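Welcome! Take a moment to look over the structure below, and then we can walk through it together.

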Amino acid sequence: MSRRILTTATVDELLASGQTALQLEANDIVTALAREYAQQRGLRLIPAGSGGGGGEGHAGGGTSADQPGTAAAAETAQGAAPAPDPGAAPVPDAVIVRQAVIAALGSEPAGLDAIIARVMTP
């Protein structure tokens, strides 16, 4: 099963082709920016396994739209994220990256925290 990475460019391409919704697959990765971008532009991201139809205006693959920088943004493509809590503190980017890597790989690789710290240090 192949993995797709969905970005803002992907959202633009889908909208330009007339798509109004995107059915995500279990291995799809949606960037936080793409989730927010899709939500702002009215592209509905349907979580994998939700059986969101498949009628006109739908395309295969992705995750649910939610707000980046919150705990909901750290959700993986395995299901819909809960509605974001407007009073919730932002989740640090390193936490979101760590959760996404573990979700994508299925386990925590050795030295993950050190690698994230090295990459995310300005």
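Just past the end of α1, G18 adopts a positive phi of about 90°. Keep in mind as you look around that this is a predicted model.

Which residues of α1 are buried? They are T10, V11 and L14. Looking down the axis of α1, you would find these buried residues within an arc of 100°, so they line one face of the helix. An α-helix has 3.6 residues a turn, so residues three or four places apart point the same way. On the face of α1 turned away from the buried side sit the exposed residues E13 and A16.

In soluble globular proteins, nonpolar side chains tend to be buried together. Here, the largest nonpolar core is made up of 11 residues, among them V11, L14, L22, A38 and L43. Two or more residues of this core come from each of α1 (8-16) and α2 (32-41), and α2 gives the most, with 3 residues.

Leaving aside residues up to four places away in sequence, L43 touches V11, L14, L15, Q19, T20, A21, L22 and A38.

## A buried glutamine

Now turn to strand β2, which spans residues 21-23 and includes Q23. Is Q23 buried or exposed? With a relative accessibility of 19%, Q23 counts as buried, because the cut-off for buried is under 20%.

What does the side chain of Q23 reach? The answer is the backbone oxygen of P47, at 3.0 Å.

Key. Residues numbered from 1 in each chain as written. Predicted model: local features only at pLDDT ≥ 70, side-chain atom pairs only at ≥ 80, totals over all residues. Heavy atoms only, no water. Core = buried A, V, L, I, M, F, W, Y, C linked by side-chain atoms within 4.5 Å. Buried < 20%, exposed > 50% of the residue type's maximum accessible area, 1.4 Å probe, protein only. Helix = DSSP H or I, 4+ residues; strand = E, 2+ residues; numbered from the N terminus. Contact = heavy atoms within 4.5 Å. Polar contact = N/O pair within 3.5 Å; in protein donor to acceptor, adjacent residues only side chain to side chain. Arc of directions from axis to C-beta.
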